[in-house]
Amino acid sequence: MSEAQSIQWFPGHMARAKKQIEKSLKQVDAVAEIADARIPVSSRNPILEHIIQGKPRIILLNKRDMADPTATKQWVSFYQQKNIEAVDIDCKSGKGLGAFQPAVRKVLAPQIASWKQKGMTGRTIRVMVIGIPNVGKSSFINRLSHGSHAAVENRPGVTRSNQWFSIGKGFDLLDTPGVLWPKIEDKMVGEHLAFTGAVKDDILDLEDLASRLLELLCRLYPNAVRSRYKLGETDFSGMEGWQILQLVGKKRGMLVSGGEIDTERTSKMLLDEFRAGKIGRITLEQAGGVQ
Ligand code: GDP
């Protein structure tokens with residue numbers, strides 16, 4: 001889909017988000033866009049690209065602890081090839097965060113050189129943190145600001161919901177909470193967000209969701225599924241998700257009276273285990289082509 005086409009779909013709330021982001025953009029030198037390393041396509045909003053045009057930015061692939069390390073490396077080099085600075089991070093443990101400030105300095109090298117020329121050596125670098133809900137924005141900011149929730153200052157012209165955080169080494173972060181939504185209208189995007197728990201389960205049928213997830217997992221990481229659910233050498237080819245769900249439920253002894261498989265309980269268990277990373281480090285979307 002071309003950029004012009006992708007801009008047309010967004011409804012009123014996206015237009016408001018766009019305005020809000022555009023306003024905040026004037027206050028910052030760069031944008032740090034946080035995405036989920038397991039679903040780098042679905043966890044990013046296509047309009048952001050359009051809104052931040054021209055603003056130096058970096059992509060932070062968060063939750064790398066749950067993503068397939070090989071796939072994450074491929075994503076980082078995929079972005080590098082497109083001249084986009086990308087850093088993989090884990091805000092749960094703090095791993096990878098040391099690379100954030102150097103990466104921002106790298107994308108801002110021309111600006112920093114020009115500030116230096118003008119004698120502005122002590123200039124603070126201001127970075128807007130942006131991303132869809134649940135991607136880890138608060139965790140990222142809390143980690144870097146060492147849990148200090150104190151806003152740096154209230155800058156004029158900034159809406160009250162925007163908060164500044166000082167993270168030291170000449171950096172301030174601008175938090176822009178909850179304004180950017182994923183493109184859930186897209187079926188694949190909606191599904192992948194639901195698998196990872198980024199959108200609420202109650203809008204989707206649990207068994208359907210679990211079956212679809214199993215189908216995808218058995219295609220991408222069949223051994224991880226076999227090993228987690230003790231399915232031996234089971235050949236998943238030609239099997240539908242609901243059939244695999246039955247196998248998993250049976251292995252786990254999730255039965256209802258009469259001996260039938262309790263597929264609802266099995267579905268919930270499967271989704272919980274996937275989201276907790278128990279099935280393995282899994283990436284659902286591969287660089288250069290979505291699965
Ligand atoms: P926000 O809505 O973008 O501010 O997201 P949060 O910072 O509130 O994070 C959403 C959920 O993801 C929380 O349960 C976090 O603990 C979890 N989370 C954030 N970063 C990571 C990470 O790097 N790894 C893992 N495993 N969980 C994370």
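Modeller: Let's begin with alanine 32, whose bridge partner in strand 4 is valine 129. Please keep in mind that this is a predicted model. In general, the strands of a sheet pair through backbone hydrogen bonds, and they can do so in a parallel or an antiparallel way.

Now look at where the side chains of strand 1 go. In a regular strand, side chains alternate between the two faces of the sheet. In strand 1, Ala30, Ala32, Ile34 and Asp36 point one way, while Val31, Glu33 and Ala35 point the other way. Are these residues buried or exposed? All of them are buried, on both sides. For the protein as a whole, buried residues make up 37% of the 291 residues.

Six strands form an open sheet with mixed pairing, and their order is 3-2-1-4-6-5. At the edges you find strand 3 (85-88) and strand 5 (163-168), each of which pairs on one side only. On average, neighbouring strands of this sheet are turned by 25° against each other, with direction ignored. Helix 5 (residues 100-107) packs on the sheet, where it touches strand 1 (30-36), strand 2 (57-62), strand 3, strand 4 and strand 6. The direction of helix 5 makes about 180° with that of strand 3.

Follow the order past strand 4 (residues 125-130) and you come to strand 6 (residues 171-175): the two run parallel and are joined by five bridges. One place to look is methionine 128, which stands opposite leucine 174 in strand 6.

With the sheet in view, we can turn to the ligand. Which residues come nearest to it? Of the 15 residues around the ligand, they are Lys92, Gly136, Lys137, Ser138 and Ser139. Helix 7 (residues 137-144) gives the largest share of this shell, with three residues. By type, the shell has four nonpolar, six polar and five charged residues.

Finally, here is the wider setting. The protein has twelve helices and eight strands. Its domain assignment gives domain 1 (3-175) and domain 2 (205-290). Where the two touch, 15 residues of domain 1 and ten residues of domain 2 take part in the contact. On the domain 1 side, these are ten nonpolar, three polar and two charged residues.

For one last stop, find leucine 206 in helix 9 (residues 206-220). Leucine 206 counts as partly exposed because it has 18 C-beta neighbours inside 10 Å, whereas a buried residue needs 20 or more. Leucine 206 also shows how the chain folds back: leucine 271 is 65 residues away in sequence, yet the two are 8.7 Å apart in space, C-alpha to C-alpha. Across the protein, among contacts with a separation of 6 or more, 69% are between residues 24 or more positions apart.

Terms used
Residues are numbered from 1 along each chain as its sequence is written. This is a predicted model: local features need pLDDT of at least 70, side-chain atom pairs count only at pLDDT 80 or more; totals for chains, interfaces and linings use all residues. A residue is near a molecule or strand if its C-beta atom, placed from the backbone, lies within 6 Å of it. Helices (H or I, at least four residues) and strands (E, at least two) are DSSP runs, numbered from the N terminus. Ala, Val, Leu, Ile, Met, Phe, Trp, Tyr, Cys and Pro count as nonpolar, Asp, Glu, Lys and Arg as charged, and the others, Gly among them, as polar. Domain bounds come from an automatic or database domain assignment. Two residues are in contact if their C-beta atoms, placed from the backbone, lie within 7 Å. Two strands pair if DSSP finds at least two bridges between them. Axes are lines fitted to C-alpha atoms, for helices over the stretch in contact, and angles run from 0 to 180 degrees between N-to-C directions. A residue is buried if 20 or more other C-beta atoms lie within 10 Å of its own, exposed if 12 or fewer, and partly exposed in between; C-beta atoms are placed from the backbone.
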